[in-house]
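Student: Hi, I have a structure open and would like to talk it through. Could you walk me through some of its features?

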Amino acid sequence: MFSFSKDMWCLVMECVEENHRYACYMLVSATGEHNRTYIGFTVDPRKRIRQHNGDIKGGAKYTKRGRPWKIDTIVRGFPTQRKALSFEWHWKRARGIQGRRNRARDLMRTKFTDSFAMVVF
């Protein structure tokens, strides 16, 4: 099972505070399998990573292959679920790990100009 360091976990838990409820995240396969990534949306990052890694029921069908997964990037602070899902949709249009990191930064500067924070692991 993937585990977070204490400092890393404190940053992730800020996602579930009332004013930072919605978050998008990018997972990277820890197996190094062809730079495999997955982008998703959640209100509970801790539970979601456990689902993707098969520790608890749930998770996306796509993430069964490439386990274990680790969180690479979290973008949090969306005011509504609709904004978070829209960000996720736009973020998924980029290719490759570095391209997706850059795309997240670009989207925050242009289309999604509300106050967000990005955490890169």
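Tutor: Happy to. P68 lies in the loop between α2 and β3; helices (H or I, at least four residues) and strands (E, at least two) are DSSP runs, numbered from the N terminus. This is a predicted model, where local features need pLDDT of at least 70, side-chain atom pairs count only at pLDDT 80 or more, and totals for chains, interfaces and linings use all residues. Residues are numbered from 1 along each chain as its sequence is written, and side-chain values use heavy atoms, with hydrogens and water left out.

Student: Is the peptide bond from R67 to P68 cis or trans?

Tutor: The bond from R67 to P68 is cis, with omega near 0 degrees. In general, most peptide bonds are trans.

Student: OK, new topic. Which residues of α3 are buried?

Tutor: In helix α3 (residues 81-91), they are A84, F87, E88, H90 and W91. Buried means under 20% relative accessible area, exposed over 50%, and partly exposed in between (1.4 Å probe, protein chains only).

Student: And where do they sit around the helix?

Tutor: Down the axis of α3, the buried residues fall within an arc of 165 degrees, so they line one face of the helix. The arc is that of the directions from the helix axis to the C-beta atoms.

Student: What covers them?

Tutor: The cover includes β1 (22-29), β2 (37-42), β3 (69-78) and α4.

Student: What about R100, does a salt bridge go with its burial or is there none?

Tutor: R100, in helix α4 (residues 97-109), is buried and has no salt bridge. That term means a side-chain nitrogen of Lys or Arg within 4 Å of a carboxyl oxygen of Asp or Glu. The nearest side chain of opposite charge is E88, 9.7 Å away; Lys and Arg count as positive and Asp and Glu as negative, while His and the chain ends are not counted.

Student: Which residues is R100 in contact with?

Tutor: Leaving aside neighbours within four places in sequence, the contacts of R100 include M26, Y38, W91 and K92. Contact means heavy atoms within 4.5 Å.

Student: Last one: how exposed is R50?

Tutor: R50, found in helix α2, is partly exposed, with a relative accessible area of 31%. R50 and K70 are 20 residues apart in sequence and 10.0 Å apart in space, C-alpha to C-alpha.
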